[in-house]
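Let's take a walk through this protein together, one piece at a time. Have a look at the sequence and the structure first.

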Amino acid sequence: MPIRHHTPRRLAAGLALLLLAPVAAACSSTSSTASSTASSTSGGSVTVGESTTLSSSIAELGQTALQGLELAVANINAHGGLLGKKVKVVSADDSATPATGASNERSMILNDHVVAMFGPVVSSVASAEEPIAAQYHIPIFFSVSNDIALMTSGFTKYGFQLVPNTVMEPRAAAAYLAHEAGSTQITVGTFAPNYSFGTSSVAGFIQALKDLHVNYKLVSQQFPPLNATNIAPYLSALIAAHPEYVYNAQFGGDLVSFTQQANQYGFFQHTKMIAMYSAQPLEALGSSAPAGAIGFDRAPFWLAGQQGMDGPGISAFISQFKAKYGDYPSAWAIMTYTAAQSWAYGVKKAGTFNGTSVSNALSGATISTIRGPITLRACDHQANVPEYVGVVSSTVDPTYRLRLWDPSSVFIAQPKTIMLTCAQSLALRS
Amino acid sequence: MARFLIEVIGTLSDAGSLFMVAAGLTLIFGAMRVINLAHGSLYMYGAFLMTTFVGASSGLRFWWSIALAAVIVAALGAVMELGIVRFLVGKEPLTQLVATFALFLILADTALHLWGNGARTVVAPSSVSGRFTIAGAVLPVYDLVIIGVAVAVGIGLWALLRHTSVGWRIRAAVDDPEVLESGGVNLRRLNLGVFAVGALLAGIAGAVVTPQVSVAPGMDESIIVTTLLVVVIGGLGSVTGTALAALVIGIADTVGTLVAPTWASTFMYLAVILVLVVRPWGLLGTPER
């Protein structure tokens, strides 16, 4: 997913430069302070690595993904390990910086002798890590970052994507809108920070509206700079255009901030926003969650039992996760758990930890996961996972004590309808 | 016209919160000649403490939560001053930066442990969370709260510095600490007080902005860079300069957004360069002798 620019470093001008350079330089190293406990493949254990974003405003994504991996590995070990060996996890913070992610990964491969890598939050980091994994013949699993480029222009036989990609997600949202609007014309606005994930996600959404023949009129497109503190100008421009729907490509804390400010302008009274209103932002927003807004999510724990969230052990996993970490598993945790299950399946099938054999075994394989069977299709290693869409409820869910989605509104976008065909995916590879 | 009003109020509210944070930093620099990179952490702690105190309720509790959060942040500042910062006075700038950056990292990790990695929000009391309409523009009432608090802080600082004996001593310390000390003033105690007041301002700002932002890790880092810009172009040590600079940065940001959205952050830095070319010591700073 997102590319996060770090704190601006274009700090020109004499004194300013002098004062600020140390901050900028220091910030990028904030987190190369890895929390890795060194170990190696020798002596009855193997090591897997996860370098991801564990600090800053997107820390929640990386940290909960890491929890998913750790729980998966704990469960593997509880059942006797893999091929008779215990599995260990090393982790490090990439500060959302490609260079740090790449150097973490190299260090894990060369020093910790990891036999598999679990991918980062940020798509720019993911694209830096993928070729390194291929270079050392180590399988790498992307379960948070979801750039389609990882499986097309950046494809390697060692990369696997367990998350709906940047084509699938906006297509699902557009499909929901197509269903809701029917043939009536709707007015649409978009809002996304001006960086790769934001712009490509918006472009994907517009493309999907066209593909689905939605009768829409684009009335306003806002691309504020990433980390803009004052979004009032963009909000006022959006409000002035009176869109009935606004597609917002923000997520996590940024989406929460937008919602807080937009609430103060009365934005949600006349406009339905379409955004990643998953459990975490809805929990953070509490009573200010905008009822009627359209949310999408990649693996919502509260839909356990529904298609794509109905594999063996899903409820046991959720309660185990809650007991261990004190919170329900995020989509990032769930998807990373299935990534670890996939790797374990590949190892068992190949009968070895050898990265090339494991990757070959996984290509085209159908794996039994807590989400049900997942196929990593052979042509581009994209998992056939659905995307979930629903309307933010005005009432508190009695089970989870959160304002989630209206149960009757839940729409599950089928993988085959939102995935690119193999031919389309291969065409993007060159 | 409506659009213009929205921009003006948005800019003022933004500049207001920036001013509160930057005023604390510049005050500390003025008196102690220490650049505190952990100043943004104090702002973040103000916000996190606010989320803890307000809880799910809203109303009167909201207002005393701001005060309580700010006072605790001031106390935290005092501890920082006693434990670390006072030993940095008069040291090499690089030593100061490294030490306060270490503080920044420690405070960030501590916050992760105390408040977790998720975003939190605070709901303002209904009396100030609505909207008002003026000349066709629909504006958030809470923007006025931020502007009001910033103005009150500005006036309070001005009164403190200009009309009290403590303020006189602080100003004297900014000009020439040695002379002040030879005059029998306990400089250490003065510094402790100044640092706590600086922290208090950061704490107030952090607590006051909570209804408009998501309170999450990373707040410390994003605020400190802009704050340093404001302090530098305002003139290190000048509170009035800081107020002006906060406006300059806010306006540059808004104008940039309107004229060339994809270049908006460049506008901010252009403003900094322009100011520094004309006045290398900042808008209202004085050249170092």
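How are helix 3 of chain A and helix 4 of chain A oriented to each other: roughly parallel or roughly perpendicular? They are roughly parallel, a label for angles under 35 degrees. The axes of helix 3 (residues 98-110) and helix 4 (residues 123-135) of chain A cross at roughly 30 degrees and come within 8 Å. Axes here are lines fitted to C-alpha atoms, for helices over the stretch in contact, with angles from 0 to 180 degrees between N-to-C directions. Helices (H or I, at least four residues) and strands (E, at least two) are DSSP runs, numbered from the N terminus.

This is a predicted model, where local features need pLDDT of at least 70 and side-chain atom pairs count only at pLDDT 80 or more. Residues are numbered from 1 along each chain as its sequence is written.

Chain A has an open sheet of 5 strands in the order 2-1-3-4-5, with parallel pairing; strands pair if DSSP finds at least two bridges between them. Strand 2 (86-93) and strand 5 (159-161) of chain A stand at the edges with a single partner strand each, so one side of each has no neighbour in the sheet. Strand 1 (residues 45-52) of chain A is joined to strand 2 of chain A by 8 bridges, and Glu50(A) has Ser91(A) as its bridge partner there.

Finally, helix 2 (residues 59-78) of chain A lies across strand 1, strand 2 and strand 3 (116-118) of chain A, at about 170 degrees to strand 2.

Methods:
Chains lettered and ligands numbered in written order. Heavy atoms only, no water. Parallel < 35°, antiparallel > 145°, perpendicular 65-115°, else oblique. Contact = heavy atoms within 4.5 Å.
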